[in-house]
Amino acid sequence: MKIGKNNFIVQWQLHNEKALEFLTMEYGEYLLSIIKKHLFTLPHLQKACLIDTVMTIWKYAECFEGENEFENWAGSVARYRCLEFLRIHQKEATIAWLIEKEIAEEKEVMISCLSPAEQDLFEKFYESENEKYLKETEKDVSDYNIYDLLNRIDTDIAEYEKASMTAEEKEQIFLHLQTKLQQGRRRFSFRRYFESFYRKAAPVNC
């Protein structure tokens with residue numbers, strides 16, 4: 001099946017891997033433009049953040065709300081992943097105070113279009129490093145997900161100058177994403193799990 005803009009959303013939410021390739025080829029430059037703007041102090045992490053962003057978009061496909069523009073939601077995901085990268089890698093930057101300023105300003109811009117209750121949810125997700133802990137302790141968060149919340153955040157597409165990527169660079173990114181997916185499948189293989197379980201349970205002949 002050929003993937004195009006007319007059937008991409010459906011096939012992406014069905015986790016058709018051809019949609020992953022379309023996502024990389026069609027939206028890679030747009031996502032990279034956002035990442036380059038927000039990770040300008042960490043240029044060596046921009047490619048890793050792009051891969052992380054595309055994998056996050058792939059993983060949380062069910063969180064996208066159809067009435068929203070896909071580019072807007074995907075852009076908000078990219079901005080949020082940039083915030084995470086800035087926070088995690090803050091010590092690597094040569095101008096640490098600039099990253100602190102960038103984090104504070106970007107958070108303020110992202111939540112400015114949310115209601116007070118949604119702003120509070122955003123802060124709870126962002127400040128906690130353990131989403132499982134939040135779900136267990138906060139009733140108002142338990143039925144929510146940060147990627148559901150990002151549907152409410154407006155990402156101005158015109159704000160970002162489009163980054164350029166060659167066809168070869170896009171292909172490399174896609175191949176890297178395919179490898180990560182394959183590794184994930186191997187990691188959660190029920191067959192391997194049960195084979196391992198029965199080997200452990202088998203009696204040892206001394």
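**Entry 1: helix 3.** I kept in mind that the model is predicted. I checked the length of helix 3, residues 46-59, first. Its 14 residues should span 20 Å at 1.5 Å a residue. The end C-alpha atoms are 20 Å apart, which agrees. Next I looked up burial, taking under 20% relative accessible area as buried. Ten of the 14 residues are buried, so helix 3 is largely enclosed by the rest of the structure. Among them are Cys 49, Leu 50, Ile 51, Met 55 and Trp 58. Gln 46, Thr 53 and Thr 56 are also on the buried list.

**Entry 2: Arg 79.** I found Arg 79 in helix 4, residues 70-88. Is Arg 79 buried or exposed? Its relative accessible area is 2%, so Arg 79 is buried. I then looked for polar partners of its side chain. A polar side-chain atom of Arg 79 lies 3.3 Å from the backbone oxygen of Asp 154. The side chain of Thr 155 makes a polar contact with the Arg 79 side chain at 3.4 Å. Leaving out residues up to four places away in sequence, Arg 79 also touches Ile 34, His 38, Glu 106, Val 109, Met 110 and Tyr 160, among others.

**Entry 3: helix 4 against helix 6.** I stayed with helix 4 and turned to its packing on helix 6, residues 116-127. The axes are 12 Å apart, at an angle of about 40°. The two helices are therefore oblique to each other. I noted the crossing of helix 4 and helix 6 as right-handed. Which residues meet there? Helix 4 brings Tyr 80, Leu 83, Glu 84 and Arg 87. Helix 6 brings Phe 122, Phe 125, Tyr 126 and Glu 127.

Methods:
Residues are numbered from 1 along each chain as its sequence is written. This is a predicted model: local features need pLDDT of at least 70, side-chain atom pairs count only at pLDDT 80 or more; totals for chains, interfaces and linings use all residues. Side-chain values use heavy atoms; hydrogens and water are left out. Helices (H or I, at least four residues) and strands (E, at least two) are DSSP runs, numbered from the N terminus. The expected span of a helix is 1.5 Å times one less than its number of residues. Buried means under 20% relative accessible area, exposed over 50%, partly exposed in between (1.4 Å probe, protein chains only). A polar contact is a pair of N or O atoms within 3.5 Å; within protein, one must be able to donate a hydrogen and the other to accept it, and residues adjacent in sequence count only if both atoms are side-chain atoms. Contact means heavy atoms within 4.5 Å. Axes are lines fitted to C-alpha atoms, for helices over the stretch in contact, and angles run from 0 to 180 degrees between N-to-C directions. Angles under 35 degrees count as roughly parallel, over 145 as roughly antiparallel, 65 to 115 as roughly perpendicular and the rest as oblique. A crossing is left-handed if the near helix is turned anticlockwise from the far one by less than a right angle, and right-handed if clockwise.
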